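Have the model open while you read.

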Amino acid sequence: MKMLIAIIKPFKLDAVREALADIGVQGMTVTEVRGFGRQKGHTELYRGAEYVVDLLPKIKLEIVLGPDMVDRAVEAISKAAKTGQIGDGKIFVHDLEQTVRIRTGESGLEAV
């Protein structure tokens with residue numbers, strides 16, 4: 001099993017969710033997070049005063065998949081989340097050692 005973690009722009013969440021549903025991804029965890037990458041934040045103007053926004057709002061998706069689905073999921077997220085601008089996000093893929101469904105005790109891919 002694999003754990004796919006994607007950090008994307010908030011306004012791209014619906015497009016990414018739909019793209020993943022289209023390839024058969026059945027569930028995910030979505031978290032609102034803040035962070036920065038190479039863009040290192042930006043400057044905004046509020047009531048005539050400039051201020052620096054260091055940590056930008058992002059969305060973190062966590063998805064558990066079988067190894068056969070990872071490449072399709074990465075491609076779907078990449079296409080749906082891409083704007084061509086700095087800060088589009090990142091995708092991380094980790095090996096997942098074990099998964100257990102608490103209610104039934106199922107483990108492995110059956111638990112997903």
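1. A definition before anything else: contact here means heavy atoms within 4.5 Å. Helices (H or I, at least four residues) and strands (E, at least two) are DSSP runs, numbered from the N terminus. This is a predicted model, where local features need pLDDT of at least 70 and side-chain atom pairs count only at pLDDT 80 or more, while totals for chains, interfaces and linings use all residues. Residues are numbered from 1 along each chain as its sequence is written, and side-chain values use heavy atoms, with hydrogens and water left out.

2. The overall layout. The protein has two helices and six strands, and from the N terminus they come in the order β-α-β-β-β-β-α-β. Among contacts with a separation of 6 or more, 72% are between residues 24 or more positions apart. Of the 112 residues, 30% count as buried (under 20% relative accessible area; exposed is over 50% and partly exposed in between, with a 1.4 Å probe and protein chains only). The protein exposes about 7,700 Å², with 51% of that supplied by carbon and sulfur atoms; the areas come from the Shrake-Rupley method with a 1.4 Å probe.

3. Helix H1. Which residues of helix H1 are buried? In this helix, residues 13–22, they are Leu13, Val16, Ala19 and Leu20. Down the axis of H1 these fall within an arc of 130 degrees, so they line one face of the helix; the arc is that of the directions from the helix axis to the C-beta atoms. An α-helix has 3.6 residues a turn, so residues three or four places apart point the same way. The buried residues of H1 pack against strands E1 (2–8), E2 (29–35) and E5 (56–65), and against helix H2 (70–81). After H1 comes glycine 24, with a positive phi near 100 degrees.

4. The core. A nonpolar core is a set of buried Ala, Val, Leu, Ile, Met, Phe, Trp, Tyr and Cys residues joined through side-chain atoms within 4.5 Å. The largest one holds 19 residues, and those touching the most other members are Ile8, Val16, Leu20, Leu61, Ile63, Leu65 and Ile77. E1, H1, E5 and H2 are the elements that give two or more residues to this core, and H2 gives the most, with six residues. Have a look at leucine 61: neighbours within four places in sequence aside, its contacts are Leu4, Ile5, Ala6, Ile8, Leu13, Val16, Met28, Thr29 and Val30.

5. The Lys9–Asp88 pair. The whole structure has six salt bridges (a side-chain nitrogen of Lys or Arg within 4 Å of a carboxyl oxygen of Asp or Glu). One of them joins lysine 9 and aspartate 88, at 3.8 Å from N to O. Lysine 9 is in the loop between E1 and H1 and aspartate 88 in the loop between H2 and strand E6 (89–95), so the pair ties together parts that are 79 residues apart in sequence.

6. More on aspartate 88. Its side chain also makes a polar contact of 2.4 Å with the side chain of threonine 83. A polar contact is a pair of N or O atoms within 3.5 Å; within protein, one must be able to donate a hydrogen and the other to accept it, and residues adjacent in sequence count only if both atoms are side-chain atoms. Leaving out neighbours within four places in sequence, aspartate 88 is in contact with Ile7, Ile8, Lys9, Ala81, Lys82 and Thr83.

7. Salt bridges inside the helices. In H1, aspartate 14 and arginine 17 sit three residues apart, about one turn of the helix, and form a salt bridge whose closest N and O atoms are 3.3 Å apart. Aspartate 14 is partly exposed at 46% relative accessibility, and arginine 17 is partly exposed at 42%. In H2, glutamate 75 and lysine 79 are four residues apart, about one helical turn, and their side chains meet in a salt bridge of 3.0 Å, N to O. Glutamate 75 is partly exposed at 43%, whereas lysine 79 counts as exposed at 63%.

8. Arginine 101 lies in the segment after E6 and is partly exposed at 25% relative accessibility. Its C-alpha is 4.9 Å from that of alanine 111, 10 residues away in sequence. Neighbours within four places aside, arginine 101 is in contact with Glu106, Glu110, Ala111 and Val112.
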